[in-house]
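Open the model in your viewer and keep the selection tool at hand.

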Amino acid sequence: MERDYLRPDYIFESSWEVCNKVGGIYTVLSTRAKTLQEAMKDHIIFIGPDFWKENESPYFREEKSLFADWQWEAKEHGINVRIGRWTVPGEPVAILVDFIPFFEKKNEIYGWLWEKYGVDSLHAYGDYDEASMFSYAAALVVESFYHYFLNDQQRVVYHANEWMCGLGALYINYRLPQIGTVFTTHATSIGRSIAGNQKPLYDYLFAYNGDQMAEELNMQSKHSIEKQTAMYVDCFTTVSDITANECKELLDKPVDVVLPNGFDNSFVPKGAAFTRKRHAARRRLLQVAQALTGDRFDDDTLIVSTSGRYEFRNKGIDVFVEAMNRLLRDKNLKKKVVAFIEVPGWVGEPRKDLQERLQSDKVYDTPLDIPLITHWLHNMSHDNVLSMLKYYDMHNHKDDSVKVIFLPCYLDGKDGIVNMTYYDVVLGNDLCVYPSYYEPWGYTPLEAIAFKVPCITTDLAGFGLWANKEFGHNGNIVDGVSVIHRTDYNYSEVADAIKDTVAAFSAMSDKEVEACRKKAEALSKKALWSEFIKYYEEAYDIALRKAEQRKKSIGIL
């Protein structure tokens with residue numbers, strides 16, 4: 001029987017990606033915000049870094065009247081904040097804090113962190129200092145707000161995301177023991193590093209020593225803050241079973257709860273609007289392909305894509321190219337394929353020659369020079385995708401049944417070529433492929449199926465494992481999601497499985513494709529935040545119970 005959960009009166013949640021769109025955590029927090037806001041009514045407060053200062057942020061709307069009297073109080077103590085709304089569904093309260101002033105206290109802060117929690121900041125480099133100063137500033141915001149508005153009778157949770165917010169969680173843990181702390185690692189820094197450095201992660205996971213690997217890969221400081229935060233917070237969490245195993249082996253700390261990433265589908269268009277947008281996306285993608293390659297593509301063309309961060313091996317971009325190369329010679333392929341690789345590279349500018357063709361009414365039947373890419377890159381000769389295509393002599397020749405096109409920019413609607421946002425483009429696909437080697441959860445496949453696009457993923461992605469669990473068997477494309485078995489060493493088999501799946505999909509009747517799309521959408525509805533928020537309630541309960549115990553032991557209750 002489920003026990004009655006203790007419920008927070010206030011939740012403060014900090015992340016580098018609050019009102020700052022840089023990666024998947026932005027999607028996690030911004031889509032979950034609506035569900036929490038509906039339950040908490042402005043008692044969920046997100047804290048993010050203030051990068052925009054005087055400039056207008058596209059993700060934040062300042063409201064100077066919100067907690068106006070406290071803002072002055074905070075300023076008196078050297079905490080500069082801007083308060084307003086995060087412009088995502090639910091419009092929760094967001095506090096953006098200027099963390100730059102704390103750099104002058106950096107050594108003192110790191111000294112305290114070492115003394116109290118044994119965190120090694122000596123080997124810090126890159127983004128470690130910036131993240132730590134933000135994390136410290138976010139904790140000061142909570143401390144100041146708590147003393148101004150709240151008291152020990154209220155149940156308060158502080159939720160820190162990723163190693164970047166670990167310092168703040170430890171500060172709260174030390175200074176405000178009456179607050180329950182939750183820490184979520186979305187991927188261990190050392191696990192990502194092992195995978196990214198071409199080392200086999202899974203077969204040897206039991207044998208890796210996290211501290212030793214951190215030293216070998218020059219990751220000591222990030223690993224140290226992550227490990228110590230996991231040890232000391234009230235509730236340690238991650239996003240999937242596969243990453244929970246990684247935490248146990250590399251951080252020497254099992255998680256208390258797994259918090260799978262949900263989705264808010266309120267912005268997925270319905271009915272006629274969906275059909276209209278799908279046609280518009282397909283028309284635009286095929287126009288781009290035609291202008292680039294000089295080939296003709298009718299509406300029967302299969303549009304396939306992969307997307308996400310440009311982690312060539314971790315996200316399986318290498319195996320996607322390999323699969324498309326093998327598909328070129330596959331006798332079972334029944335349709336032309338245009339395969340897009342939508343990952344942001346070191347982009348220079350949109351191609352002028354391609355823009356001219358797209359603006360012209362003329363139908364071109366000759367390819368452009370380098371008909372593989374829509375935007376010029378700063379590093380054309382050293383780019384992984386282009387190098388692999390060149391290695392395989394894949395140049396989108398006229399008679400090639402599979403054309404591969406690299407779209408190396410953020411699809412924000414203003415890229416100069418496609419000029420549509422990612423969500424408006426993704427629903428134009430027939431099939432999406434995400435053959436990740438390292439993927440703690442996997443938002444891209446979840447987003448695809450929410451837009452009724454069947455997809456291929458692997459059982460090294462948290463989402464793939466979850467899908468298998470929901471199906472009660474290994475997902476097949478007829479289920480809406482094909483989950484390919486992937487290991488440290490079966491790259492070639494994975495490429496073949498992708499090739500075979502795309503070929504099988506190309507032979508499906510319209511009726512079979514429609515059934516497949518319906519199943520994809522049905523699975524996505526099982527991953528809505530309304531289904532997954534219960535795991536967060538469990539995490540808050542664990543943290544609050546520990547905080548209540550502390551209150552009793554120090555005589556607050």
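Select Ser 57 and show its side chain, which reaches the backbone nitrogen of Phe 60 at 3.4 Å. The side chain of Ser 57 also reaches the backbone nitrogen of Tyr 59, at 3.0 Å. Both are polar contacts, meaning a pair of N or O atoms within 3.5 Å; within protein, one must be able to donate a hydrogen and the other to accept it, and residues adjacent in sequence count only if both atoms are side-chain atoms.

This is a predicted model, in which local features need pLDDT of at least 70 and side-chain atom pairs count only at pLDDT 80 or more, while totals for chains, interfaces and linings use all residues. Residues are numbered from 1 along each chain as its sequence is written, and side-chain values use heavy atoms, with hydrogens and water left out.

**The loop between S2 and S3**

Ser 57 sits in the loop between S2 and S3. Helices (H or I, at least four residues) and strands (E, at least two) are DSSP runs, numbered from the N terminus. Ser 57 counts as buried because its relative accessibility is 7%; buried means under 20% relative accessible area, exposed over 50%, and partly exposed in between (1.4 Å probe, protein chains only). Not counting residues up to four places away in sequence, Ser 57 touches Cys 19 and Trp 52, where contact means heavy atoms within 4.5 Å.

Now select Asp 50, in the loop between strand S2 (44-49) and strand S3 (60-62). Asp 50 is buried, at a relative accessible area of 5%. Its side chain makes a polar contact of 3.0 Å with the side chain of Arg 82. Beyond its neighbours within four places in sequence, Asp 50 is in contact with Arg 82, Leu 96, Val 97 and Asp 98.

**The nine-stranded sheet**

Switch to a cartoon view. An open sheet of nine strands with mixed pairing has the order S3-S4-S5-S2-S1-S6-S7-S8-S9. Its edge strands, S3 and strand S9 (257-258), each pair on one side only. Two strands pair if DSSP finds at least two bridges between them.

Select S2 with strand S5 (residues 93-97): they pair in the parallel sense over five bridges. Phe 46 stands opposite Ala 94 in S5.

Next, select strand S7 (residues 180-185). Is it buried or exposed? Six of its six residues are buried, so S7 is largely enclosed by the rest of the structure. In a regular strand the side chains alternate between the two faces of the sheet. Here Gly 180, Val 182 and Thr 184 point one way from S7, and Thr 181, Phe 183 and Thr 185 the other way.

Strand S6 (residues 156-161) pairs with S7 in the parallel sense over five bridges, with Ala 160 opposite Phe 183. S7 also pairs with strand S8 (residues 235-238), in the parallel sense over four bridges, and there Thr 184 stands opposite Thr 237. Show helix H5 (residues 166-175) as well: S6, H5 and S7 make a right-handed β-α-β unit. Right-handed means that, with the strands pointing away from the viewer, the path from the first strand over the helix to the second runs clockwise.

**S16 and S17**

Strand S16 (residues 455-458) and S17 run parallel, joined by four bridges. Thr 458 stands opposite Ile 484 in S17. With helix H16 (residues 462-471), the two strands make a right-handed β-α-β unit. From S17 (residues 481-484), Val 481 and Val 483 point one way and Ser 482 and Ile 484 the other, and all are buried.

**A cavity**

Select Ser 15, Trp 16, Glu 17, Ile 25, Asn 161, Glu 162 and Met 164, which line the largest cavity. On a 1 Å grid over the protein atoms alone, a cavity is a set of points where a 1.4 Å probe fits but cannot get out, and a pocket is an open set with protein on both sides within 12 Å along at least five of seven lines; lining residues have an atom within 4 Å of a point. About 40 Å³ of space lies in this cavity. Grid points are joined across faces, edges and corners, and a volume is the space filled by probe spheres set on the points.

**An exposed loop**

Finish at Lys 334, in the loop between helix H11 (317-327) and strand S11 (337-342). Lys 334 counts as exposed because its relative accessibility is 55%.
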